[in-house]
Amino acid sequence: MHCLDCHSGGRQTPAVGVCRQCGAAACAEHIQTGQRTLTCTKPINRTVIIDPPVRQLLCRTCSAAHHANAACCPRSAHIARTP
């Protein structure tokens, strides 16, 4: 499998991962590695964060969209952490 972004630029670069958002293959230059926090809802509608966070791979386009969303809609500060 080859990187979609490189292919759009006329190159064939082997992919190292797949974007979890859009499913595009991406090379080491175009992939963004980050973390995603998992949560569960406990009684009385209490949201609890599960540790450790999971790894996520995003292409540059989806990573930029996630950062824009986070800047617009920051997560609530009232989420409880598990021990």
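Trainee: What share of the 83 residues counts as buried?
Mentor: Of the 83 residues of the protein, 20% count as buried. Buried means under 20% relative accessible area, exposed means over 50%, and partly exposed is in between, with a 1.4 Å probe and protein chains only.

Trainee: Where do these values come from?
Mentor: This is a predicted model, where local features need pLDDT of at least 70, side-chain atom pairs count only at pLDDT 80 or more, and totals for chains, interfaces and linings use all residues. Residues are numbered from 1 along each chain as its sequence is written, and side-chain values use heavy atoms, leaving out hydrogens and water.

Trainee: How many helices and strands does the protein have?
Mentor: There are 2 helices and 5 strands. From the N terminus on, the order is α-β-β-β-β-α-β. These elements are DSSP runs, numbered from the N terminus: helices are H or I with at least four residues, strands are E with at least two.

Trainee: And the surface?
Mentor: The accessible surface comes to about 6000 Å², and 53% of that belongs to carbon and sulfur atoms. Areas come from the Shrake-Rupley method with a 1.4 Å probe; for residues, only the protein chains shown count as cover.

Trainee: Let's look at β3 and β4. In which sense do they pair?
Mentor: They pair in the antiparallel sense, over 11 bridges. Two strands pair if DSSP finds at least two bridges between them. Arg-36 stands opposite Val-54 in β4.

Trainee: How many residues sit between β3 and β4 in the hairpin?
Mentor: The hairpin has 3 residues between its strands. Ile-44 is in the turn, with a positive phi of about 65°.

Trainee: Is Ile-44 buried or exposed?
Mentor: Ile-44 is exposed, at 84% relative accessible area.

Trainee: Which other residue in that loop has a positive phi of about 55°?
Mentor: Asn-45, which lies in the loop between β3 and β4. Its phi is positive, about 55°, although Asn-45 is not a glycine. Asn-45 counts as exposed too, at 69% relative accessibility.

Trainee: Why point those out?
Mentor: Because most residues other than glycine have a negative phi, and most peptide bonds are trans.

Trainee: Which peptide bond is cis, then?
Mentor: The one from Asp-51 to Pro-52, with omega near 0°. Pro-52 is in strand β4, residues 46-59.

Trainee: Which residues form a nonpolar patch on the surface?
Mentor: Leu-38, Ile-50 and Val-54, with about 180 Å² of accessible area together. Patches take residues with over 30% relative accessible area and no salt bridge; like charges are joined within 9 Å, nonpolar side chains (Val, Leu, Ile, Met, Phe, Trp, Tyr) within 5 Å. Leu-38 is in strand β3, residues 31-42, and is partly exposed at 32%.

Trainee: You mentioned salt bridges. How many are counted here?
Mentor: The count is 1. The rule asks for a side-chain nitrogen of Lys or Arg within 4 Å of a carboxyl oxygen of Asp or Glu. Arg-11 forms a salt bridge with Glu-29, and the closest N and O atoms are 4.0 Å apart.

Trainee: What does the pair tie together?
Mentor: Arg-11 lies in the loop between α1 (4-8) and β1 (17-18), and Glu-29 in the loop between β2 and β3, so the pair ties together parts that are 18 residues apart in sequence. Arg-11 is partly exposed at 41%, and Glu-29 is partly exposed at 45%.

Trainee: How many disulfides does a search find?
Mentor: It finds 0 in the whole structure. A disulfide is a pair of cysteine sulfur atoms within 2.5 Å. As for cysteines, Cys-40 is partly exposed at 25%, while Cys-72 is exposed at 61%.

Trainee: Now the inside. Which residues does Ala-25 touch?
Mentor: Not counting residues up to four places away in sequence, Ala-25 touches Met-1, His-2, Cys-3, Leu-4, Ala-15, Gly-17 and Val-18. Contact means heavy atoms within 4.5 Å. Ala-25 is in strand β2, residues 25-26, and counts as buried at 9%.

Trainee: How many residues apart in sequence are Ala-25 and His-2?
Mentor: They are 23 apart in sequence and 6.4 Å apart in space, C-alpha to C-alpha.

Trainee: Last one: Ser-63. Buried or exposed?
Mentor: Ser-63 is buried, at 9%. Ser-63 is in helix α2, residues 60-72. Leaving aside neighbours within four places in sequence, Ser-63 is in contact with Gln-32 and Leu-58.
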